[in-house]
Amino acid sequence: MRIGGLVDTRPLRDSAAFRGLWVSTTSSTFGGQLLVVGVLAQVWQLSGSSVAVGAIGLANAVPTVVFGMIGGALADGLDRRRLVVLSTVGQLLSAALLAWHAFAGIRSLPTVLILVAVHAAFLGLSAPVRRTFVATLLPPRLVGAGIALTHLSSQAAMLAGPAAAGVITARWGAGACYALDVLALAIALYGVWRLPAAARPGGEPTRPGPRAIWEGWRFIGRSPALAGSFLTDVFATVLAMPVALFPAINAERFGGNPDTLGLFLSAIAVGGIAAGTASGLVTRSRGAGLIQLLAAGVWGVGIIGFGLAQPLWLALGCLAVSGAADTFGVIARGALVQAATPDSHRGRVSAAELALGISGPDLGNFRSGVVAGATSPAFAAVCGGLMCVAGVVGLGLLNRPLRRFRLPGSPDSTRSPA
């Protein structure tokens with residue numbers, strides 16, 4: 001079954017376990033967006049300070065990355081389903097405490113930030129483990145389709161969640177967003193609870209700790225396809241992330257209208273969702289490495305076009321193209337990472353993927369801001385896009401295992417050497 005002939009829905013049709021995981025992940029992502037908007041509104045109300053609002057990012061990013069690495073190591077030594085259940089319970093309790101804090105009228109900014117950090121820590125523990133489930137619940141030929149469906153539903157949740165949260169916060173306050181996140185996490189918990197028991201990865205049990213985490217990174221370094229896939233993502237995010245340039249370009253070319261600024265972000269999301277509805281074109285192709293390289297190159301070209309575009313429609317179109325390319329790249333990378341990683345290392349490699357996914361865009365926005373401050377926003381966008389394209393082309397030429405990587409299910413499929 002396909003939606004519009006393009007979305008590959010075979011995992012939802014063929015696997016009851018994957019359906020449960022898909023509902024769980026979608027519900028968790030939607031609830032997380034409600035919480036994000038609620039926290040933004042509450043912190044601004046409590047402080048009136050942009051610095052305090054900026055501290056939310058720190059409270060989120062640091063625990064997510066640190067505990068994501070720990071969660072990846074734990075996933076390669078413990079029962080994965082139990083780990084996700086316990087971490088989801090932790091998220092639910094921290095969201096419930098945020099709701100109680102808001103409804104009780106307690107005006108304590110440090111308490112809000114601490115609870116946000118606790119919530120992020122539990123999210124970090126579960127996120128890399130959730131990524132391993134698709135490869136363990138589905139046969140190899142459906143892993144790409146499963147990743148695509150998960151990515152599509154997450155993007156839809158990230159588009160609808162903030163809009164719903166804005167209405168909820170305006171009418172009932174931040175506490176209502178937190179309470180609904182509790183409900184969403186309860187649904188997510190039920191979906192994970194019903195998954196089949198997860199056997200421990202094969203081989204010698206992994207002892208969680210710094211050595212186990214380092215071994216995950218060493219494994220990536222020894223696999224040219226994995227290392228190349230991660231480096232491709234670094235080129236796209238660190239070298240060509242444009243979000244920090246949006247306010248300045250909006251002010252220079254489009255009068256600084258806040259509605260226009262919002263359209264920049266929406267254009268990327270719309271392009272991503274449009275590509276997600278055509279994800280079957282990616283999931284039925286086995287050349288994941290080549291698709292990721294091409295997608296990263298198109299992302300860079302789109303950012304170049306955005307930096308040069310004068311009409312608003314052209315700028316939005318370039319961002320939509322970049323958003324579509326990003327979705328294709330994420331799906332291809334996810335399938336490659338899961339296929340190229342043995343189950344004994346899948347948790348730690350997924351944790352590394354999570355860490356790069358979180359830190360890469362932040363570093364890229366910092367780079368863009370610094371370059372724009374020294375030159376101009378347009379130059380920062382164009383040179384970033386050019387460096388991304390150049391890096392991807394060079395990597396594609398030099399890294400044959402990545403370029404020729406084939407997913408299982410095709411006659412000439414090969415795996416990256418471990």
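In the predicted model, the axes of helix α8 (residues 210-222) and helix α9 (residues 224-240) come within 5 Å and cross at roughly 100°. Axes are lines fitted to C-alpha atoms, for helices over the stretch in contact, with angles running from 0 to 180 degrees between N-to-C directions; helices are DSSP runs (H or I, at least four residues) numbered from the N terminus. Helix α8 is therefore roughly perpendicular to α9 (65 to 115 degrees). On the α8 side the contact (heavy atoms within 4.5 Å) is made by F219, I220 and R222, and on the α9 side by P224, L226, A227 and F230. These contact residues comprise six nonpolar, no polar and one charged, where Ala, Val, Leu, Ile, Met, Phe, Trp, Tyr, Cys and Pro count as nonpolar, Asp, Glu, Lys and Arg as charged, and the others, Gly among them, as polar.

Two cavities of 30 Å³ or more are present in the structure. A cavity is a set of points on a 1 Å grid over the protein atoms alone where a 1.4 Å probe fits but cannot get out, and its lining residues have an atom within 4 Å of a point. Grid points are joined across faces, edges and corners, and a volume is the space filled by probe spheres set on the points. The second largest cavity has a volume of about 30 Å³ and is lined by L35, V36, V39, I56, N60 and V116. Two or more lining residues come from each of α2 (16-47) and α3 (50-75), and α2 gives the most, with three. By class, this lining has five nonpolar, one polar and no charged residues.

Residues are numbered from 1 along each chain as its sequence is written, and side-chain values use heavy atoms, with hydrogens and water left out. As the model is predicted, local features need pLDDT of at least 70 and side-chain atom pairs count only at pLDDT 80 or more, whereas totals for chains, interfaces and linings use all residues.

Terms used. Parallel < 35°, antiparallel > 145°, perpendicular 65-115°, else oblique. 1 Å grid on protein atoms, 1.4 Å probe; cavity = no way out; pocket = protein on both sides within 12 Å on 5 of 7 lines; lining within 4 Å.
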